[in-house]
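Dear colleague,

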Amino acid sequence: MNFLTPWFLLGAAAIAGPILFHLIRRIARERMTFSSLMFLKPTPPRVTRHRKLEHLWLLLLRCLCLLLLAAGFARPFFSKNNAMPVAPDEERQLVLLVDTSASMKREGVWDKARSLAEKYLAQTTPADQVAVLTFDRRPQTVVNFTEWVSWGVDQRASLARQRLAAISPGWMGTQLGLALTSAAEKFREDSANGKPVSHRELVLISDLQEGAKLDGLQGHDWPSGVKVILERVDVKPQSNAGLEIQSSGATVGDDQRVRVRVTNDRDSNREKFQLNWQSENGTAVAGEPMEIYLPPGQTRSFSAPTLPAETTAAEIQLTGDEVNFDNHSYFAAPEAEHLTIAWFGLDSDNDPVKMRYYLQRVFPETPGRQVKVISPTVQQAFSPELLNQAAFAVIPGRLAPEEITSTRDWLARGKTALFVVTDEQAAPSLAALTSLPEIKISEAAGDYALLDEIDFTHPLFAPFADPRFNDFTHIHFWKHRRMEFPPVTQARVLAKFDDGSPALAQIPVGQGNLLVLAAGWNPADSQLALSSKFLPLMQTLLDWSGGAVPARFQFETGDSIPSPVSSGGAVVQWQKPDGKKESHAAGAAFSEADLPGIYTATFGDKRRQFAVNLPLDESRTAPMSPDELARLGVPLQTLSQIPVVKAQEIQRHLHRAELENRQKLWRWLIVGVLAVMFGEIILSGWLARREKTAEVTT
Amino acid sequence: MAIRSLELRARVVVEGFWNGLHRSPYHGYSVEFTEYRQYSPGDETRYLDWRLYARSDRYYLKKFEDETNLRCHMLVDQSRSMSYGSVGHTKSDYARTLAATLAWFLNEQGDAIGLFTFAGRVRDYLPARHRHGHLRQLMLVLEKESEGRETNLGEPLRRVAELARKRGLIVLISDLLAPIDELERNLGRLTAVGHELVIFQVLDPNELAFDFNRAMLFQDVESQKDIYLDPETVRAEYQRKLQSHGLGVEGICRKLGSAFHRVVTNQPMDIALFNFLQSRNRRGKLIRRRTQSTSPS
């Protein structure tokens, strides 16, 4: 017989009470009133001489009652035939997920995290399968299950420790949600030796900072049986503030005024900070440091001290807090983009009935971009050099034979042009440009046409895919041309008119593309130029054509910096803040921006600088509540480690509880208690009556 | 205590007492002859004893004891401890009968009788008077049941000293079950103002012998406190303490010049009355001797 709660058996010690009471001479229950007790002192109860127990049967009944009660509370059960088979060699999959984000650079944090991971590695058993992952902006596998199993049992922990020792926190932000979901996916991988896995534990070792991103956790389908154990690295509370430069706030004038967003941690006890500019070599470039006031838990934007106009890159430093890793932010002055669009026509740019009038105005000059529309035909002579300077071309109608060859070659080098079919005479030029055998173009009849069957999956129309913006039905095309392409052509129709004829088609030419529009945007042809769709459509067209590089100079660590030159045979030389240099082909983004600082891209005789900074959220180092993870469905086990042995013990206890619940022997014991109590009442009553009778007779 | 009426009980006791005496030493003592004194010129001639002059041919004056009206106050304790009794009547019954007996007796002698009943404080007060109906009123007050609690002599005796301003006889009937020092302080207050004090300590036979045969819970009738007692164990100690207390009270009485009588509730009442009168007689003789020794001859 076993007991579910055996410590209640200690209650059996209470039988000492009845035994003692039976040894003590019974205190008379009679009460005698007396005039005064001033001369009397209480007599202590006397134990009967020779330890003679009085009323032995009564005593036995009372002791039995207590024993049965104690046994009932101990919840006995028989486990002879229902013993739970103990699995001695149970498999366990353990994933250690170690945070290597920038916030782990704080003093002593990484050492503690590593020692926690090493403690888990030391506790592994030969049956365990272990994977070690680190994460910041994205997770990285240090050791996977297959490697772990392939190593010798004695070497596993030490090899994993060696790999972990070679890792240190980087400068990236914390994508905790992505890391957790990726680590959970590790469990889906088949176990290396094919044995069934009964325990799956994911140990998250992190400072669990408030600024960690939890994207992707909501509604994530966790593999069955996975338990997440949180191991928060204890960090001494420190006042921390961080900053980032708002790229959108940068302006160029006589002086540069930069907006800086500063955040103060909610656990901070500092409120006053200073902002100060430094040049690339660390010397101060502006005057006195600017003092700012920011209460704990708040984020505000400030105008940083002005920078001289000629400054191309600088570093701003925040002082006044106790944590330094996030106190620097880098600024790269935006440079204006100069783009040229070739217009193959002779229209005046001041005639509002002509298409060029609208093309000239659809690209206004901005601080980041200056678009210039040129005509490659100067004084009746076509100039291929002018065309080569262009990032994009618009061909209204027809082309001269010498223009066709040059333009086709220009297109074949990866450029994009928009061919506007203005009349039926454009067919030969279009066929020549696209090298198609024959394209039939005819003037469409009818009052007007509307756009239909727009391909919103194409990058050109993707910005309009949202239902709020995808209504093109208010654009009337008074005139348009019906185009018929040969059946074998690779033309992709991006939009059609409501009569079924193509409105906009994409025809590849070499590495480039020719977009063919079957109607013009001049008022005589359509309302396109007058609609709200025209400007974003043309901007998207320019961006998609590769002629423009997005004017962005501020990046976060881990971002890919787009190439400053989109095409051509130029090689872009990249220089990192630590001096390392790398070469990338034109158009290839630079993806090794893993350090905060100024990155320099050199191509040809041009040089462009980009600033890479820590994400501002990384400065929010106050601890996150584990409830936040639980709310997002993370299957948290406990906040502390639960070893496998203990888990087995818990399971065994549950099994025993189930057995006990099924048998419910305590009920019989309670019935026994009631029966014994009944007997005790009868016996004690009889004894009392007998004593009273004896007293009366004496 | 078989006679229910207190008045009748007192009367029976007093008359029985008188019948038992062959010659009352107190009969007519109010105008009692005390001594002869030789005549001196200037003395009143009406007190000359002419018969003695006839026999001895000398002039002697007869001297008489001055007749005084005694003012007596009975102080009857009616605290809850007096409600104890093991012989068919309580100490309170006995005390009230004793008070009534003394009152009857003194009233018959023509003395003014007053009454205080107390139990923690003075409950009833009848001023000392000698007139028709007063004795009956006194009996009615004595017949009232006790409602008191503890034996606290301090407050009642202070009140008695205030109310009985004229010097007289104070008869205190109580069990005196209170601490000795407290008793001394309170009784001294009465004698200090010139009262003559006679104390009757009324005790139950069980209080003296503590004759219980088995252990049980004993409850104090005043404090309602329960204690477990084995009489065999505590009897000797109890009796020693009680005796010590009695000796203490006697010592106080001696110091204060008061008469002390311990009466047990199973004793006949007339014995108590006899003891009282005897002590009065002794005291009277003592006073006379003192007066003779101090008076100029």
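In helix H6 of chain B, B:Ile180, B:Leu183, B:Glu184, B:Leu187, B:Gly188 and B:Thr191 meet B:His245, B:Gly248, B:Val249, B:Ile252 and B:Leu256 of helix H8 of chain B. Contact here requires the C-beta atoms of two residues, placed from the backbone, to lie within 7 Å. Helices (H or I, at least four residues) and strands (E, at least two) are DSSP runs, numbered from the N terminus. By class, this contact of H6(B) with H8(B) has 6 nonpolar, 4 polar and 1 charged residues. Ala, Val, Leu, Ile, Met, Phe, Trp, Tyr, Cys and Pro count as nonpolar, Asp, Glu, Lys and Arg as charged, and the others, Gly among them, as polar.

The model is a predicted one, in which local features need pLDDT of at least 70 and side-chain atom pairs count only at pLDDT 80 or more, while totals for chains, interfaces and linings use all residues. Residues are numbered from 1 along each chain as its sequence is written, and chains are lettered from A and ligands numbered from 1 in the order in which they are written.

H6(B) covers residues 180–192, and its axis lies 10 Å from that of H8(B), at an angle of about 25 degrees. Axes are lines fitted to C-alpha atoms, for helices over the stretch in contact, and angles run from 0 to 180 degrees between N-to-C directions. The two helices, H6(B) and H8(B), are therefore roughly parallel to each other (angles under 35 degrees; over 145 is roughly antiparallel, 65 to 115 roughly perpendicular and the rest oblique).

Chain B as a whole contains 9 helices and 10 strands. Of its 297 residues, 34% count as buried (20 or more other C-beta atoms within 10 Å of the residue's own; exposed means 12 or fewer, and partly exposed in between, with C-beta atoms placed from the backbone).

The contact between the chains draws 27 residues from chain B and 16 residues from chain A. On the chain B side, strand E8 (216–220), strand E9 (226–229) and helix H8 (231–256) each supply at least two residues. That side divides into 14 nonpolar, 3 polar and 10 charged residues. Strand E2 (residues 31–34) of chain A pairs with E8(B) in the parallel sense over 4 bridges; strands pair if DSSP finds at least two bridges between them. Within this pairing, A:Thr33 has B:Gln219 as its bridge partner.

In chain A, strand E31 (residues 571–575) has a covered face of A:Val572 and A:Trp574 and an uncovered one of A:Val571, A:Gln573 and A:Gln575. E31(A) runs antiparallel to strand E32 (residues 581–585), joined by 5 bridges, and A:Gln575 is partnered by A:Lys581. These two strands, E31(A) and E32(A), form a hairpin with 5 residues between them, and A:Gly579 in the turn has a positive phi of about 95 degrees. E31(A) is also joined by 3 bridges to the antiparallel strand E33 (residues 597–603) of chain A, where A:Thr602 stands opposite A:Gln573.

Two backbone angles also deserve mention. A:Arg75, not a glycine, has a positive phi of about 50 degrees, and with 21 C-beta neighbours inside 10 Å it counts as buried. A:Ser435 likewise has a positive phi, near 60 degrees, but is exposed, with 11 other C-beta atoms within 10 Å.

With kind regards
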